[in-house]
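The following paragraphs guide the reader through a structure, from the chain as a whole to single residues. Please keep the sequence and the model in view while reading.

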Amino acid sequence: MSLKPGRVFSGARPTGRQHLGNYLGAIKNYVALQDEYECVYSIVDLHALTTLESTQDLRQNSYEMALDWLAAGLDPQKCIIFIQSHVPEVTELHTILSMVTPLGKLTDLPTFKEKARMHPHNINYGLVGYPVLMTADIALYRANWVPVGVDQAPHIEFSRETIRSFNFHFNTNALVEPQMKVTNVPKVLGIDGQQKMSKSLNNHIELAATPEETQQRVLSMVTDPARIRRTDPGNPDVCNVFSMHKIFSGSEEVEMINVECRRAGIGCVDCKKRLAKNMNASLQPFRDRRADFDSKPDQVWDILHDGARRATVIAEETMHDVRAAVGLAE
Ligand code: SF4
């Protein structure tokens, strides 16, 4: 029996190679949680089907994401890492939960409206049911906690309501209502300095990029827009390069830039080169570990398959209770 104080579940769509925003916004927190909680981390490939026009890269993207998770420090001895579709019970629970979910509630969700706006030619049934599948993931593994940023709180509230509704409807406690674990993650801006870092906006810096690619991306970062000439004083408080320095550079260097930028004592190119150097130094151990895992793809797939086996044990227990509550024959 686990001595840990509860189970955490989180899933992420297989977007392939992860970027700094993914790391600072989620993966770093995943790694920290695995020491304290029983953690179940899923690469949610079925979710990806709702908006993907082409699925030919799906398998590779799942693999690349697993490489990044493992290299970042997720330890299969401490947590379960698996691919969502490898535990098909989630689709059964999704179907059952869909029977207690009013359709209007789904189409009213801001996330659905946003997705429908982004994919007007592909508003499929699966897209509408996306939050139900997400709820099935959380409920299947009887998660007590779901790590979320403040902006994702409505998703979890939906899951909690759906689970409550199921338990009430079938007069059972087969499903566990999860709590939100709100984490204060920094909003990582992309190299455009305007929008959240995102692969789809191509404003990202990949964790596994080469040092040269990293330097190139950093050199193209937007700085304080009011600093036009080298001789103009800058304002680090509005500069994303400075925000990144605070993450990747030592305190003395950060303080030096804070002072010198304001009196035009340092130029932006020099400032960015320093950032690229520090970023590359900081990411090198990650990149070495990633290359090592990537040289043994069978081992990575074994980790994922073993994770699915362990996840299935939990899923079968839940589904046994769910089927009994609903009255389905086993
Ligand atoms: Fe930003 Fe650095 Fe340029 Fe100042 S010197 S505006 S902190 S890039």
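Two residues are in contact if their C-beta atoms, placed from the backbone, lie within 7 Å. By that definition, residues 24 or more positions apart account for 77% of the contacts in the protein chain with a separation of 6 or more. The model is a predicted one, in which local features need pLDDT of at least 70 and side-chain atom pairs count only at pLDDT 80 or more, while totals for chains, interfaces and linings use all residues. Residues are numbered from 1 along each chain, as its sequence is written.

The protein chain contains 14 helices and five strands; these are DSSP runs numbered from the N terminus, helices being H or I with at least four residues and strands E with at least two. The chain has a radius of gyration of 22 Å, close to the 20 Å from the globule rule for 330 residues, so it is as compact as a globular protein of that length. Here the radius is taken over C-alpha atoms, and the rule is 2.2 Å times the number of residues to the power 0.38. Along the principal axes, the C-alpha atoms of the protein chain fill a box of roughly 75 × 45 × 40 Å. Of the 330 residues in the protein chain, 37% are buried. A residue counts as buried if 20 or more other C-beta atoms lie within 10 Å of its own, as exposed if 12 or fewer do, and as partly exposed in between, with C-beta atoms placed from the backbone.

The domain assignment divides the protein chain into domain 1 (7–188 + 296–326) and domain 2 (211–290); such bounds come from an automatic or database domain assignment. The centres of domain 1 and domain 2, taken over C-alpha atoms, are separated by 35 Å. Five residues from domain 1 and four residues from domain 2 take part in the contact. On the side of domain 1 that touches domain 2, helix α3 (residues 58–72) gives the most, with four residues.

Just after α3, Gly73 takes a positive phi of about 120°.

The ligand is surrounded by 14 residues, the closest being Gly234, Cys239, Cys261, Cys268 and Cys271; a residue is near a molecule or strand if its C-beta atom, placed from the backbone, lies within 6 Å of it. Helices α11 (240–248), α12 (251–262) and α13 (268–294) each give two or more residues to this shell, and α13 gives the most, with three residues.

Two asparagines complete the account. Asn171, although not a glycine, has a positive phi of about 50°. Asn171 lies in the loop between α9 (153–169) and β5 (179–182) and is exposed, with 7 other C-beta atoms within 10 Å. Asn202 also has a positive phi of about 50° without being a glycine. The loop between β5 and α10 (211–219) holds Asn202, which is exposed, with 9 other C-beta atoms within 10 Å.
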